[in-house]
Each structure stands twice: as structure tokens, then as C-alpha cells.
Amino acid sequence: MKRNCTEFIREMKQSTPAFVMPYVIAEAGVNHECDMNLARRLIDEAAEGGADAIKFQTYKADTIASKDSPYYWDLSKEPTRSQHELFTRYDKFWKKEYELLKTYCDNAGIEFMSTPFDVESAIFLNDLMGVYKISSSDITNKPFIEFMCSFGKPIILSTGASNIDEIENAVSWINAYGNELCLMHCVLNYPTMDKNAHLGMLLDLQTKWPDTVCGYSDHTLPHDMKTLEIAALLGAKILEKHFTYDKTKQGNDHYHAMDKQDLIYFHNSMRRNFELIGSTNKYALPSEAPARQNARRSLVAATNIAAGTIITKEQLTWKRPAHGISPQFIENVIGKRAAVDIAEDTVLKDSMLLN
């Protein structure tokens with residue numbers, strides 16, 4: 001089993017490291033298309049790609065949208081014009097199916113999650129997962145937020161299409177219950193164009209809510225996964241991105257999703273990023289010892305200096321290597337007498353001087 005999200009959130013709240021390998025949620029949503037074999041495939045491929053968790057969406061069309069609810073996505077990718085119609089197509093999985101998928105996730109070594117969109121699903125999902133994810137669409141849904149908070153589990157809240165006052169309200173409702181909280185920057189465009197990603201907003205969330213864990217829910221096209229990389233480097237500790245087994249499929253969330261190979265690429269890139277970042281405390285590395293000795297300079301005789309001569313600044317210069325007296329101590333050398341004859345271009349050492 002990979003990292004546990006509840007433990008990860010609590011660890012991040014306690015230690016708040018500047019850089020950490022983010023907790024990655026593969027958002028499968030309903031890309032299983034109500035086919036258990038496809039759902040299992042998504043779980044396997046998310047685990048193989050290195051995701052810490054896979055998350056589904058649990059809803060019934062009749063409780064999430066009215067029959068006249070309009071679309072808000074790219075019709076060239078998903079031609080359905082009604083939310084209710086689209087949700088009806090993918091709302092067949094319920095308690096039994098998610099119990100089976102939870103068991104399958106446990107065996108695959110990946111954490112199971114699902115976003116509930118109604119009270120009934122929130123109740124039965126409580127036995128299957130350790131955190132509650134709240135969709136951006138429910139950020140103003142006070143009674144539903146409070147209901148999920150009542151289970152006492154950490155909350156991951158997406159903030160897509162939200163102004164600061166709306167986030168403040170939602171945070172206050174959650175804080176009243178004392179739940180640990182991860183605030184996810186999110187942009188509700190499907191897909192989100194790079195120019196609209198505004199990853200800099202992560203910094204605003206961290207500044208305004210320093211006691212929460214910061215995260216990012218990504219709807220940009222995967223490309224080279226640079227969006228998630230930058231989000232992590234800007235402080236997002238939890239990353240969520242839609243996940244599919246086939247990015248070429250039309251419809252729903254396939255067209256802006258990542259796949260297993262994207263996940264593998266992302267983790268390899270992040271490992272290199274963190275290797276490059278290294279320590280956040282400045283010190284001379286052991287690997288730099290040869291450079292310290294050979295690339296730095298020593299005080300060197302600029303002319304021949306006879307024994308007994310009082311050394312002046314004009315008799316000194318500085319050259320590599322750093323095997324003698326450092327130029328930082330030049331004031332300690334000026335005015336002293338030469339203990340021996342010092343030939344021009346000689347690296348000065350303490351033994352050549354009289355105290």
C-alpha cells in the first residue's frame with residue numbers, strides 16, 4: 001500500500017516541508033463507464049503509474065442535476081448538451097460496486113476514494129475511505145459540507161470558480177467541525193487552457209490559509225505534465241488529475257486526462273526535480289572539497305622578499321590554489337617580517353612569517 005492520505009495530510013500540517021513528493025490522486029471519475037473490468041483496469045494502471053490513490057465519483061443523475069441543467073464543457077469533445085443526460089449514462093455504480101472496488105484497490109496497493117454527491121452515497125462511502133473529497137461544485141453547499149464534516153475525517157476541498165469570500169465561508173463551516181483541511185486550487189474549465197491555469201493562485205491560498213494543506217486539482221491537457229510539476233514546486237502537497245486508460249476516447253473526462261505513462265513520466269521528472277533542489281540549507285558540500293582547495297586563492301609573493309623584511313601590501317598578490325594563507329587574512333600578514341627568503345610566486349604559509 002502506498003501512502004495513506006489521512007496520515008499524509010496530518011504529517012504536512014505538522015512539518016510543512018518546503019518540498020515533498022506530492023500525494024497523487026488519479027481521478028478516474030466515471031471513466032469506467034459502468035464497466036467493472038474497465039474500473040479494475042483503471043485501478044491497476046493508476047497503481048502501476050505510481051498514483052497514491054484512485055478516486056471515483058458517486059452520484060445519481062436525479063439527485064445531482066435537474067433535467068434542464070445545461071452543459072458547461074467542450075461540445076467538440078463531449079457532445080452531450082444536458083448534465084442530467086450525461087450523468088444518467090454513468091450513474092449505475094452504487095454501494096455494492098464501490099465495496100468491490102475498495103477491496104480491489106486494497107489488493108492493488110492503492111488507496112480508494114470517491115467523491116460523494118448526495119447524502120446516501122456519503123453515508124455508505126464513509127465505511128470505504130479515510131477522507132472526503134468535496135467538489136468545487138459543492139463549495140457553497142453548506143448543509144452537504146457540514147454533513148460530510150460530521151464524519152470527523154479530513155476534507156479535501158476544491159476551490160474551482162470560487163472567489164475568496166466563498167472559500168472563506170466554506171473553510172469556516174469546516175473549521176467549526178475541526179476537520180483537517182486541504183484546499184485545492186482548481187479552474188473549472190474542461191479542459192483548462194494553460195493561460196487560465198493560474199498556478200500562482202496556490203501562493204495566495206497558502207498565504208491566506210497557512211494552517212491548511214495546499215493542493216491542486218488539474219484540468220489542463222496533460223502534454224508533458226509540466227502543470228503538475230510546477231504546482232508541486234509552488235507548494236501543492238496533494239495533486240489530483242483526471243485519469244484514463246485511453247486519452248484518445250471521445251467524451252466525458254478522457255480528453256483532458258492523464259494515463260499511466262503520463263504518471264510514470266511525472267514521477268520520474270519529480271524525482272529529478274527534487275534531486276536538483278536537494279537541501280534548502282546552504283553549506284559547502286563534500287563534493288566541493290577539491291574546488292575549495294584548488295579553485296580558491298592564497299596570498300602569493302608578488303616579488304622576492306628577503307628574510308627579515310617587513311611585508312607590505314605591494315609585495316603581495318593572490319593566486320590559486322588555496323594551499324596557503326587565505327586572502328581574507330591579508331591584514332594579518334601585512335606588517336609582519338619574513339622568517340625566510342621568499343621567492344616571487346611563492347604561496348605564503350604561516351611558517352614563513354615571524355609573529
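A residue is called buried when its relative accessible area is under 20%, exposed when it is over 50%, and partly exposed in between. By that scale Arg10, at 37% relative accessibility, is partly exposed. The model discussed here is a predicted one.

**Salt bridges**

Side chains of opposite charge can pair when their charged atoms come close. The structure contains 18 salt bridges. One of them joins the side chains of Arg10 and Glu180, with an N to O distance of 2.7 Å. Arg10 belongs to helix 1 (residues 5-15), while Glu180 sits in the loop between helix 8 (164-175) and strand 6 (181-186), so this pair ties together parts of the chain that are 170 residues apart in sequence. While Arg10 is partly exposed, Glu180 has a relative accessible area of 18% and is buried.

A second salt bridge connects the side chains of Glu27 and Lys55, at 2.3 Å from N to O. This pair also links distant parts of the chain: Glu27 is in strand 1 (residues 23-29) and Lys55 is in strand 2 (residues 53-58), 28 residues apart. Glu27 counts as buried because its relative accessibility, 3%, falls under the 20% limit. Lys55 is buried too, at 1% relative accessibility.

A further salt bridge is formed by the side chains of Lys67 and Asp62, with 3.9 Å between N and O. Here Lys67 is exposed, with a relative accessible area of 65%, and Asp62 is exposed as well, at 60%. Elsewhere, salt bridges with shared partners join Glu27, Lys55, Lys133 and Glu240 into one network.

| Salt bridge | N to O distance |
|---|---|
| Arg10 and Glu180 | 2.7 Å |
| Glu27 and Lys55 | 2.3 Å |
| Lys67 and Asp62 | 3.9 Å |

**Packing of helix 10 and helix 11**

Two packed helices are described by the angle between their axes and the distance between the axes. For helix 10 (residues 226-233) and helix 11 (residues 260-277), the angle is about 35° and the axes are 10 Å apart. The crossing of helix 10 and helix 11 is right-handed.

On the helix 10 side, the contact is made by Leu228, Glu229, Ala232 and Leu233. Helix 11 contributes Tyr265, Phe266, Ser269, Met270, Asn273, Phe274 and Ile277. By class, the residues of this contact comprise eight nonpolar, two polar and one charged.

Methods
Residues are numbered from 1 along each chain as its sequence is written. This is a predicted model: local features need pLDDT of at least 70, side-chain atom pairs count only at pLDDT 80 or more; totals for chains, interfaces and linings use all residues. Side-chain values use heavy atoms; hydrogens and water are left out. A salt bridge is a side-chain nitrogen of Lys or Arg within 4 Å of a carboxyl oxygen of Asp or Glu. Helices (H or I, at least four residues) and strands (E, at least two) are DSSP runs, numbered from the N terminus. Buried means under 20% relative accessible area, exposed over 50%, partly exposed in between (1.4 Å probe, protein chains only). Axes are lines fitted to C-alpha atoms, for helices over the stretch in contact, and angles run from 0 to 180 degrees between N-to-C directions. A crossing is left-handed if the near helix is turned anticlockwise from the far one by less than a right angle, and right-handed if clockwise. Contact means heavy atoms within 4.5 Å. Ala, Val, Leu, Ile, Met, Phe, Trp, Tyr, Cys and Pro count as nonpolar, Asp, Glu, Lys and Arg as charged, and the others, Gly among them, as polar.
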